[in-house]
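Trainee: I'd like to learn how to read a structure like this one. Can we go through it together, a feature at a time?

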Amino acid sequence: MAYSAGRQFLSNLKNVPRNLRDSVMRHGRPTSDRARTQTVVQNFFLHIHPSRVHNHTLKWTTTMGLGIMTTALFLILTVTGILLMVYYKPSVATAFDSIKDIHFVVPTGRMMRNVHRWAAHGMVVMVMMHMARAFYTSAYKRPREFNWVLGMMLFVLTLGLSFTGYLLPWDQLAFWAVTIGSSIAGSPSEVTDAFGITQSFDPGGRIRELLLGAHYIGEEALIRFYTLHIMVLPIALSVILGVHFWRIRKDGGLARPASADPPITQDGLKPGEAPDKTFGLMAVVRERTPATDQAIENTSPAWPRLFRVEAALTVLVLLITVVLSIWLDAPLKELANPEVPENPAKAPWYFLGLQELVSYSAFMGGMVIPGIVVVGLALIPYLDREDEDVGIWFSGRQGRRIATASTVYGIVLSVGILAFTVKFKWLGEWDWVRNLIGEVPPIVITLFNPGTVFVLAAAAWSIGLLRVTNSTRMAAIGLFTCFLVCFVIMTYFATFLRGPNWDFYWSQADWPVIEH
Amino acid sequence: MKNAYDKTMTGLLLFGSLLTLALLAYAAYDENLGADWYHHQSDYRCQLFARAATDRERQTAERFDVRQKQLYLPALGRIDRCITCHVGVEDPSMKNAQQPLTSHPGDIMANHPKEQFGCTICHLGQGRANTETDAHGHVPHWPDPMLATEELDRSCAKCHTQGPLPGVPRYNEAIALFHEKACVSCHLLRGQGGDAGPEITNAAEVDHGDMPKKEWHFKHLKDPKSVVEASEMPDLNLSDEEATALTFLMMSLTGEPIPTEYLSNPKPKPIEMRMMDPMAAKGHVGSQVCIGCHQGLHPDAVDGWRKSPMSSTYERLKNEPTKDNCLACHTTGFNPETGHYSEEGVGCEGCHGPGAVAVKFVLAGQVDKHKEAIRLNPDSTLVCVRCHNPHVPVGVHANHYRKQPPRSGQAGG
Amino acid sequence: MTDKPSSGLTGPRFEEPVERRDFFGLAAVWSFFGMILTATLGALKLPMPAVFPEADSRFPIGKPEDFPAGPPKEIKRRRLWVLSDDKGIAVVSTVCPHLRCVVTRHADGTFVCPCHGSRFDATGKKTSGPSPRGLIWKEVSITPDGRLIVDSEREVSSNARFAV
């Protein structure tokens with residue numbers, strides 16, 4: 001017996017590698033459909049994927065891979081962010097120096113920081129484009145309404161992550177951008193000031209105190225931003241991202257038009273194929289799924305097609321961030337100095353459209369308009385419940401025409417309002433208004449300024465479309481397009497055409513030179 | 001089943017991965033073997049081996065590691081990585097080598113070992129950087145680029161507050177002028193001096209809008225009102241050369257904290273602490289301020305006071321355990337409630353009364369009021385008998401006060 | 001789990017190998033993993049510091065003339081004793097090789113560890129106690145401008161004095 005057990009032991013020893021592999025991957029090589037399905041569903045890391053994926057989903061025009069690229073960027077940000085935490089010291093005295101060290105002497109530190117910076121910008125862009133894609137292909141419609149809301153949360157969290165990260169280098173750029181950004185958060189004071197009740201009721205001031213932990217940006221603010229940036233927001237984003245993915249599965253994959261799946265008649269079903277349907281393992285999901293009422297002819301195993309796409313797009317975004325990182329260093333200006341303001345002091349680029357609006361009215365531009373935009377976006381699936389086909393860009397030809405017209409309208413409107421404001425200023429500076437009523441009360445400016453004019457004009461356009469087309473979907477396309485175009489133009493305008501003292505300049509070369 | 005989309009993705013995966021791989025490899029090379037400092041250090045190491053004749057020299061060469069080097073200077077709050085490229089600074093045989101391997105000229109490093117002082121305290125520049133352009137600091141967003149060689153003497157004044165020093169005539173001239181014009185009469189410098197004008201501890205850091213700092217200081221010294229309309233500073237009648245010298249000194253006042261052990265003439269701490277108390281100095285400006293003008297007006301009187309026991313009377317008792325009983329008479333501006341005083345010894349204001357108001361008048365050009373504000377009628381003996389008490393003769397009073405219990409709240413005397 | 005499909009799931013679709021991977025696809029997969037591996041190696045290099053936030057391990061202690069033959073001199077900040085006699089200079093670390101306590105030098109020239117009582121003679125040789133060995137001698141070298149350099153990370157045998 002002992003001899004036999006010994007032999008068994010030696011044989012076991014010999015077979016350790018194979019048995020280890022088999023116990024880890026409890027299925028054969030993914031050479032058959034069945035094994036491929038198992039590859040996905042039995043792997044912890046892959047099982048958030050469907051085992052089979054619809055061919056329509058894998059078409060480039062369906063998603064342009066924007067969601068995958070956003071996720072890839074988040075992964076890159078997580079990895080590089082954890083690495084940067086090894087050397088970054090979140091304190092006013094040491095933060096700037098530690099970034100200098102990361103740049104100059106930490107092995108691969110410069111590359112990691114640059115990739116982190118570029119990936120962060122990229123993620124903001126991608127998440128916006130992903131949202132636009134989901135909107136224009138009606139992907140928010142029933143049953144995916146709440147997943148759209150989750151997407152909005154992810155959008156806000158992404159902006160929050162990017163903004164909190166902005167302060168951490170503790171240089172002039174960081175300090176003054178966050179000064180602007182946190183003041184936007186405190187803009188309700190404008191309204192309470194107008195009513196003269198700020199002394200007793202100051203929600204704007206409270207928000208700022210909560211954010212900064214003081215009345216200025218210092219040690220407290222840095223620690224708060226750091227905690228938000230490395231822990232609170234990433235955890236929240238990861239959890240919601242998980243739910244976002246999970247709901248895609250539960251909603252039967254990505255939105256696709258009815259035409260993507262020719263309905264299967266009883267005749268078309270061959271007897272031996274019935275068990276196929278268990279492959280989806282989605283007996284309880286709602287709506288159209290490969291498993292319930294569609295044949296699997298239109299689907300492919302997720303392995304390898306979906307994974308190939310994911311890997312390829314991950315490589316694409318990594319490649320882009322690495323190329324940018326090699327040639328363009330993440331900015332690092334002088335050590336933060338509360339005595340010497342940057343001029344112009346600009347918020348991060350994605351808030352620059354807001355900063356332009358804030359230059360008209362802090363409360364309208366900083367709270368009401370962005371509030372309307374975020375809440376309005378979140379409510380789209382609940383306000384537009386028309387039962388029409390999904391997964392079609394602009395819902396067809398009419399929508400395409402309306403999107404084009406709205407783009408033109410949005411361009412004319414935003415450029416017109418900006419040009420008017422630059423050329424003629426606004427109410428408070430017009431002599432004839434002053435002669436007429438004297439000093440314009442601040443509350444009038446708050447209610448009536450270029451920002452509110454734009455919102456009203458866009459709303460009027462949308463209501464017009466609603467009446468002409470008799471379709472909430474078309475009205476939504478009009479409104480969404482107007483705001484998107486306005487966001488792009490405002491951001492461009494505030495980034496490149498606003499100079500010192502927020503004055504208008506055709507190019508940065510015209511900025512007055514300030515020597516020290 | 002495989003369609004064009006799959007092929008595109010496979011192609012993207014293949015070429016994207018290979019391209020990224022190549023770029024990462026390039027970045028790794030660029031950061032390590034391709035770095036400038038790596039070439040400089042390899043070059044230096046080769047030269048060490050090439051000239052090594054003895055075993056000991058060979059050992060020195062072998063012990064030279066090619067790696068990033070830095071001077072860790074926690075006392076100065078600096079890390080200087082200059083020696084990552086300038087590896088030959090202390091090697092006399094590199095005297096004729098090209099930069100960056102050349103040895104440091106002069107013998108200044110004998111008194112200023114690099115392990116204690118580093119490089120950027122004198123040369124400025126960006127110590128943490130390890131590439132030439134960044135380290136020399138002539139890059140955007142670095143406020144302190146390296147000083148040109150002819151400007152280097154400016155840095156001496158950071159620690160050498162008194163002068164004179166050998167080999168730096170411009171510094172010596174500037175320091176001498178600074179004392180002659182008694183700038184600290186009105187301007188606070190590192191916790192010493194008057195408060196009639198703005199503090200100058202960090203004069204080189206103060207921003208003057210569009211005007212370059214050097215130009216501003218020169219104009220300001222030549223004619224204060226030309227740059228500050230409401231300036232109360234008197235015209236110092238400086239020649240261009242003198243104004244240039246003082247500008248040079250102003251530009252050295254960076255206000256950066258220098259640890260006491262680095263100062264050439266550290267002031268004793270306890271006095272500084274007391275002078276910092278606003279109550280103690282209230283109304284008092286310190287003899288230095290008066291002397292600023294009166295040394296020139298009637299030097300005999302000032303020198304007479306200097307030689308008299310009045311000026312040094314604090315020295316006699318500074319080691320006494322019960323000296324708190326004596327401060328009322330042996331210091332100037334003593335406040336019995338706080339126990340603080342403005343100056344050790346009996347200075348100008350000990351007899352003439354607090355001078356702050358008087359200084360304001362003289363700055364406003366109202367010499368008559370200045371005289372009025374100085375309280376003393378020279379004939380009055382009241383001021384004298386405050387301390388020179390006839391009942392306690394000079395010879396025995398020390399023993400008298402030593403017997404008193406230590407002062408508690410109220411001053412003796 | 002075996003590779004064999006269970007009953008009911010039969011038919012050509014399930015077992016027939018589909019789409020053998022071509023060379024192109026394999027190359028793509030391998031280059032992808034190669035790239036990820038390279039990036040990971042780079043990332044793993046990051047936590048290994050290139051420079052240390054502390055005084056250099058090689059540091060000057062002075063010129064040879066500062067250490068004439070005679071009684072030893074202490075360099076307290078660096079936890080060293082410099083022994084000097086006519087044979088040369090030796091630098092002895094006062095960190096006990098047992099558990100890194102700092103030994104004290106007694107008037108008779110011997111070193112005693114306060115933690116566990118190891119004793120060493122005047123040159124650092126162990127005389128008694130739990131220490132596995134004598135006090136460590138650090139390497140001394142000389143710079144081109146003639147200053148003695150101690151390398152606190154390099155050990156020499158305890159009779160290799162640096163001849164001046």
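Trainee: Let me start with a pair of helices: is the crossing of H4(A) and H12(A) left-handed or right-handed?

Mentor: That crossing is right-handed. Before we go on, keep in mind that this is a predicted model.

Trainee: Which residues of H4(A) and H12(A) make the contact?

Mentor: From H4(A) you have Ile68(A), Met69(A), Ala72(A), Leu73(A) and Ile76(A). H12(A) brings Val309(A), Glu310(A), Leu313(A), Thr314(A), Val317(A), Leu318(A) and Thr321(A). Sort the residues of this contact by class and you get 9 nonpolar, 2 polar and 1 charged.

Trainee: Let me try another pair. At what angle do helix H6 and helix H7 of chain A pack?

Mentor: Helix H6 (residues 109-136) and helix H7 (residues 145-167) of chain A pack at about 160°, and their axes are 10 Å apart. Angles over 145 degrees count as roughly antiparallel, so H6(A) is roughly antiparallel to H7(A). As for handedness, H6(A) and H7(A) make a left-handed crossing.

Trainee: And what meets what in H6(A) and H7(A)?

Mentor: On the H6(A) side, look for residues including Ala120(A), Met123(A) and Val127(A). Among their counterparts in H7(A) are Trp148(A), Leu154(A) and Phe155(A). Counted by class, this contact has 10 nonpolar, 4 polar and no charged residues.

Trainee: Let's move to strands. What holds a sheet together?

Mentor: Strands of a sheet pair through backbone hydrogen bonds, either parallel or antiparallel. In chain C, 4 strands form an open sheet in the order E5-E6-E7-E8, with antiparallel pairing.

Trainee: Which are the edge strands?

Mentor: They're strand E5 (104-105) and strand E8 (126-128) of chain C, each pairing on one side only. Inside the sheet order, 2 bridges join E6 (residues 111-112) to E7 (residues 119-120) of chain C. To see one of the partners, find Phe111(C): Phe120(C) in E7(C) is its bridge partner.

Trainee: How many helices and strands does chain C have?

Mentor: Chain C has 2 helices and 10 strands. Of its 164 residues, 21% are buried.

Trainee: What about chain B?

Mentor: Chain B has 20 helices and 4 strands, and buried residues make up 28% of its 413 residues.

Trainee: How do I read where two chains touch?

Mentor: The size of an interface is often given as the accessible area lost when the parts come together. Here we can count contacting residues instead: 25 residues of chain C are in contact with 23 residues of chain B.

Trainee: Which element gives the most to the chain C side that touches chain B?

Mentor: H2(C) does, with 11 residues. Strand E1 (58-62) and strand E9 (137-142) of chain C also give two or more residues. By class, this side of chain C has 14 nonpolar, 7 polar and 4 charged residues.

Trainee: And how many residues of chain B are in contact with chain A?

Mentor: There, 24 residues of chain B are in contact with 30 residues of chain A. The chain B side divides into 12 nonpolar, 7 polar and 5 charged.

Technical notes:
Residues are numbered from 1 along each chain as its sequence is written. Chains are lettered from A and ligands numbered from 1 in the order in which they are written. This is a predicted model: local features need pLDDT of at least 70, side-chain atom pairs count only at pLDDT 80 or more; totals for chains, interfaces and linings use all residues. Two residues are in contact if their C-beta atoms, placed from the backbone, lie within 7 Å. Ala, Val, Leu, Ile, Met, Phe, Trp, Tyr, Cys and Pro count as nonpolar, Asp, Glu, Lys and Arg as charged, and the others, Gly among them, as polar. Two strands pair if DSSP finds at least two bridges between them. A residue is buried if 20 or more other C-beta atoms lie within 10 Å of its own, exposed if 12 or fewer, and partly exposed in between; C-beta atoms are placed from the backbone. Axes are lines fitted to C-alpha atoms, for helices over the stretch in contact, and angles run from 0 to 180 degrees between N-to-C directions. Angles under 35 degrees count as roughly parallel, over 145 as roughly antiparallel, 65 to 115 as roughly perpendicular and the rest as oblique. A crossing is left-handed if the near helix is turned anticlockwise from the far one by less than a right angle, and right-handed if clockwise.
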